[in-house]
Amino acid sequence: MNAPARIHMQSVAKKFADRIAVYPLDLSVAKGEFLVLLGPSGCGKTTTLRMMAGLEAPSQGAVHFNGKDVTRLRAGERDIAFVFQMFSLYPHLNVRDNVAFTLRAQGMPPREAGRQASDILLRLGLESLANFHPEHLAGGDQQRVGLARALVRRPQAFLMDEPLGTLDGDLRGEMRETLRANHNQAGATTVFVTHDQEEAMSLADRIAVMRDGRVVQCDHPRNLYDNPADLFTAGFVGSPGMNLIRASRTGEWAAMEGLDLVLRVGEDAEADDIAQLAGAAAAASPEAGFWLGVRPENVLLSESGAPCVVDQTLVLGTHNLLSLRAGGGFLKAWLPAGVRFREGETVRVSFLTSGCRWFGGPGGLALPWRTLEAACRPTR
Ligand SMILES: Nc1ncnc2c1ncn2[C@@H]1O[C@H](COP(=O)(O)OP(=O)(O)OP(=O)(O)O)[C@@H](O)[C@H]1O
Ligand SMILES: [Mg+2]
């Protein structure tokens, strides 16, 4: 195998006619790292990956592989395997030959290429399809064969654009595990594009979250989940995303003095009036407002907490996912499966102190109010 690549994109941007698809971005992928580009449709993931691969020329900036400037090198000269969002297999070749073809094109003797193709088909659980022609395969199987065709190679880097896109449910989960296991074994640098946050969280060493042509946060999955850099990431990552409660500078429970904050949240951080909080949320003006972010698992049942009305209950085995009406807004809460909740009943909830996050300012950026204690006391 070739040594895994260290990839660095330096101020790389792409403009199509008068539309900016990717704003200047800096992104580094370590040797052997599994980096996921995550974001909603149209945010520039494919364009970024294609520039990394040499399939698209950047409008500005440079791409380095192992410290060497490859910006002007075409994809074929970069020693990468690219898996396309849409791809096709050779219709006249059976599955094994489709996979072996890539190796034979590189000059490997047919016997050895066939052996290595059989190997990867076995690893991906596709050995029973080896003699089939593509027209006899279901869409999902075609996609898995497409992946096998890429994984059979030993390039410096794998660049994959939504390779599990058309697979559903269990098969998708299985392929994720296979991909990650294959990565752990082969250790090649991998950049993987998806718009599915759960897929990103389960695969990545690090995730680069993209929005509107920019990377808004690049971090380890756990840190991305615990400390989202802005409101967008807070809402996008997690299923469901963070509860985002709009807070205003007026009202009984909160006030701002300059950048300092006084919060009427109990000493053990019980939001003693969530209804008012959510109600004030709706009324707050954009300039003065800030946001409290709290994940559904950090909404806790508490007798001294705020009353909320159960709007919907989703029973999911280990937990219940509740939608609670609080003031003018809604809160999602993961609550224990052992407790039965009736729609329309009132429950009292509070927030886990260490799980509270704050966002504000024009971009809805994370505010460094790490603990509610700090947030509760005004500094002068
Ligand atoms: N060849 C092109 N010509 C003009 N505009 C383009 C071209 N390729 C992409 N774009 C535009 O650039 C933006 C980013 O596209 P890109 O395909 O990179 O997004 P994406 O994040 O991969 O989206 P998706 O999840 O839908 O695949 C989009 O607005 C898209 O319409
Ligand atoms: Mg795309």
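The model is predicted, so local features need pLDDT of at least 70 and side-chain atom pairs pLDDT 80 or more, while totals for chains, interfaces and linings use all residues. Residues are numbered from 1 along each chain as its sequence is written, and chains are lettered from A and ligands numbered from 1 in the order in which they are written.

Next I looked up burial. Of the 380 residues, 41% are buried (20 or more other C-beta atoms within 10 Å of the residue's own, C-beta atoms being placed from the backbone).

I then turned to the core. The largest nonpolar core has 87 residues; such a core is a set of buried Ala, Val, Leu, Ile, Met, Phe, Trp, Tyr and Cys residues joined through C-beta atoms within 7 Å. It draws at least three residues from each of domain 1 (7–229) and domain 2 (236–376), with bounds from an automatic or database domain assignment. Val-36 is among the residues with the most contacts inside this core. Leaving aside neighbours within four places in sequence, I found Val-36 in contact with Phe-192, Thr-194 and Ala-200, among others (contact: C-beta atoms, placed from the backbone, within 7 Å).

Last, ligand 1. The residues around ligand 1 include Lys-45, Thr-46, Thr-47 and His-195, each with its C-beta atom, placed from the backbone, within 6 Å of the ligand. I noted that α1 gives the most to this shell, with 3 residues.

Methods:
Buried ≥ 20, exposed ≤ 12 C-beta atoms within 10 Å, placed from the backbone. Helix = DSSP H or I, 4+ residues; strand = E, 2+ residues; numbered from the N terminus. Contact = placed C-beta atoms within 7 Å.
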